[in-house]
Amino acid sequence: MNISYKWLKDYLDTDLSPEKLGEILTYIGLEVDGIEEVESIKGGLQGLIVGEVLTCIKHPDSDHLNKTTVKVEENKVLPIVCGAPNVAAGQKVIVATVGTTLYDGDKEFKIKKSKIRGEVSEGMLCAEDEIGIGSDHAGIIVLPDNVAVGTPASKYYSVETDYCIEIDLTPNRIDGASHIGAARDVAAYLNKNKDFSYKRPSVDNFKIDNNSRKISVKLETPGTCIRYSGLTISGIEIKESPEWMKTRLKAVGIRPINNVVDITNYVMYETGQPMHSFNADAITGEKIIVKTLAEGTPFKTLDGIDRKLNKDDIMICNTREPMCLAGVFGGFKSGITNSTKNLFLESACFDPVHIRKTARRHTLMTDASFRYERGTDPNGTIYALKRAAMLVKKLAGGQISSDIIDIYPNPVKDFEVEVSYDHIDRLIGKKIGKDLIKRILKGLEIKIEKETEEGLSLKVPPYRVDVKREADIIEEILRIYGYNNVEIPTKINESLQTSIKPNPVKVRNILSELLSNYGFNEIWSNSLTKTSYYANNKDLTADKLVMLLNPLSSDLNCMRQTLLFGGMEAIAFNVNRKAANLRLYEFGHCYNYNKDISSDNHLKKYGESEHLGLFITGKKSKESWTIKQQDCNFYELKSYVENILLKMGFLPEKIQQENISSSDLFLKGIRYSDHNGIKIVEFGRVNKSIQKKFDMENPVYYADFMLETLLTDQKFNDVHYKDLPKYPSVKRDLALLLNKETAFDEIKKTAFETEKKLLRSVDLFDVYEGTGIPLDKKSYAVSFILRNDNKTLNDKQIDKTMERLKNAFEQKLGATLR
């Protein structure tokens, strides 16, 4: 948002410098991002002076060039080669001397001494468009004879210097998106110590000239338009705006077009109220209808682009066709042209959500939509309309030829807020006095309806869309009083607290360190995502999404149900930039909506849970001559998952395992649950249909931990320690022939059920299928570690234990020894 320093001073009687004004604006919450010096003509016409053409003869080597001598000072004459057809001796002209920089839009070039067709040229005689004062390029500028030679062009053309103050406006402070809005805040700040107020242009002299041109207005969809005001002006003349208005608009980055369009832009930047002007003769049926149209209705906008309307787009229509995308962009047929004689001025307040969605759908981010989608003042439409109408009469002539049309079905009242003096002092951390509090509120135009010893009853104007609670009022008081004026306390009061066990922050840090040591990088992805990710997904159904009521775009219109899609976006981003070997993790919250929950409290239908996501893809290690590269695989991810569980105190025998065979998330995977059957983690290879959405070819493996379940169950995972064994361990191996469907986990489980005292570990070191093995069988080579913590094992005990294990494998798993 750009503010002109000189324009702002039209409303503030102060001699503050641009820098000091910028400090104050930042101080009170309108953060200034930069202050730039600007001229009414780009470059300020520096280096350009008035000269007199003394001689002018044809160039000896060109049919269209002329050799001139030009007097630029009393004793200084320059040779200049000129191609303009109207150059002649005796003319007073604008001369760009050597070293002068001229501008053509964003381009610039410097005048140098040169030879043109063999003749020396030490400058340039300028046309209007070459110095930025007009668009004529038919010939050089010829000035009146009485202009003195050597007069700076900046003086002759009265070039103004201004400062453009760029404000980094936050979404909640749309009330500051105008010069009057900024002036109001500055005045409230300056009013703290002495009486100070801003002034805004009076519209008391507004009057209706006649009622010769009545255009009626109808709201067919009242919920989309909060208020609609308008009037007609007849007999206007479209022409250039006066220099003062063009200078103001150019200072804030607006290109002047014509007097009527410039007035609507001027009033918008002055008051914050977007305006729109219609050619009244294009309003068929003398009637304006605010409504929505059928999906796919064609509409040509002012930029000449044919668009297809959405059924929710608010349209300003006549009795035959649409004329304007309400609050966003005008139509091609109803716009102001040089032949326009009759005008209909619109000043309205539209529903912010509809405007935001329309602007995003059609990718039309205009100054008007910027303001409407954040919430304009419904009670400010009439003032802006009168202000614009008076300017039109002044700059374009004509007569106001209708009464003001004002349709306001449900007037928006001031927000009523109760505020306590004690709460003000407590939240600010300092007593600032009742008189100063009331003075600040008055400066902010917040009405004091009633005062008691305890506090105030207030009414907040609707243009402050973000001030509806007591805390908001206190924040307003504090930002004007000044955060820097609240002293840092010399002591800290703290109450004793018992910390949560286990400490979630500590657990996250432990897991982060563990994963970082494994080569993982942490990512943070947006908790807002797009609904299309969940289309046709049976595991994460679209009906469980938490939808946004006012999304910024269709790509950010719901809350995520899983960390998977944010991680896939990060992987795709990196892979597209040649970083294909990735190990990523993320801590984040996921959200869901359960419509089946029956409760008077609607909030109970919404759920939020914290997750930990792991992602691996690409190669296991960097390319090296010492190590053969291998692709990431399911078992690598499984090892990371199990190491996390071990770190959290989950013993393998206490975890229930379930295979995931058919899932919209995983091609194949595993789910681990605790002893109560509550899911702890599920992991596997990401389904190819999901990878396709992100144009991913290499396999991606993903693990999703229920972090809250991990933290809850960890309370019951007691940590035990024991001495190092005094007696040696014994290792024995078995080669078992089993059915192909038998998993190693079944062997491990059977072994520990059979021998609970001596068996310490069971490991698989080889799997064989092929020659000598039946087609429905496979061979497992399994090692067993035995140890007695009280004495050394002898052969008899070892053989007896191994015999029991073999019998158990034969009876329970149908195994045979090879």
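# Cavity, pockets and helix contacts: worked exercises

β2 (32-39), β13 (161-167) and α6 (243-251) each contribute at least two residues to the lining of the largest cavity. This is a predicted model, in which local features need pLDDT of at least 70, side-chain atom pairs count only at pLDDT 80 or more, and totals for chains, interfaces and linings use all residues. Residues are numbered from 1 along each chain as its sequence is written, and side-chain values use heavy atoms, with hydrogens and water left out.

**Exercise 1. Describe the largest cavity: its volume, its lining residues and their classes.**

Step 1. On a 1 Å grid over the protein atoms alone, a cavity is a set of points where a 1.4 Å probe fits but cannot get out; a pocket is an open set with protein on both sides within 12 Å along at least five of seven lines; lining residues have an atom within 4 Å of a point. Grid points are joined across faces, edges and corners, and a volume is the space filled by probe spheres set on the points. Helices (H or I, at least four residues) and strands (E, at least two) are DSSP runs, numbered from the N terminus.

Step 2. Count and size. There is one cavity of 30 Å³ or more. The largest cavity holds about 40 Å³.

Step 3. List the lining. The residues are Val38, Glu39, Ser40, Glu160, Thr161, Asp162, Thr247, Lys250 and Ala251. α6 has the largest share, three residues.

Step 4. Sort by class. Nonpolar means Ala, Val, Leu, Ile, Met, Phe, Trp, Tyr, Cys and Pro; charged means Asp, Glu, Lys and Arg; the others, Gly among them, are polar. The lining has two nonpolar, three polar and four charged residues.

**Exercise 2. Which elements and residues mark the second largest pocket?**

Step 1. Its volume is about 1,200 Å³. Of its 46 lining residues, Ser40, Ile41, Lys42, Gly132 and Lys250 are the closest to its centre.

Step 2. β2, β7 (101-104), α3 (128-131) and α6 each give two or more residues to this lining. α6 supplies the largest share, six residues.

Step 3. The classes come to 16 nonpolar, 15 polar and 15 charged.

**Exercise 3. Characterise the largest pocket by volume and lining.**

Step 1. The volume is about 2,100 Å³. It has 46 lining residues, and those closest to the centre are Glu642, Pro652, Glu653, Asp745 and Lys748.

Step 2. α16 (634-647), β34 (656-660), β35 (666-673) and α19 (744-754) each supply at least two lining residues. α16 gives the most, eight.

Step 3. The lining splits into 19 nonpolar, ten polar and 17 charged residues.

**Exercise 4. How do α6 and α7 pack?**

Step 1. The angle between α6 and α7 (residues 259-271) is about 50 degrees, and their axes lie 10 Å apart. Axes are lines fitted to C-alpha atoms, for helices over the stretch in contact; angles run from 0 to 180 degrees between N-to-C directions.

Step 2. Angles under 35 degrees count as roughly parallel, over 145 as roughly antiparallel, 65 to 115 as roughly perpendicular and the rest as oblique. α6 and α7 are therefore oblique.

Step 3. Contact means heavy atoms within 4.5 Å. Trp244, Met245, Arg248 and Leu249 of α6 touch Asp262, Ile263, Asn265 and Tyr266 of α7. By class, this contact has five nonpolar, one polar and two charged residues.

**Exercise 5. Are α12 and α13 roughly perpendicular or oblique?**

Step 1. α12 (residues 434-443) and α13 (residues 470-481) pack at about 95 degrees, axes 10 Å apart. They are therefore roughly perpendicular.

Step 2. Leu436, Ile437, Ile440 and Leu441 of α12 meet Ile473, Glu476, Ile477, Ile480 and Tyr481 of α13. The contact counts eight nonpolar, no polar and one charged residues.
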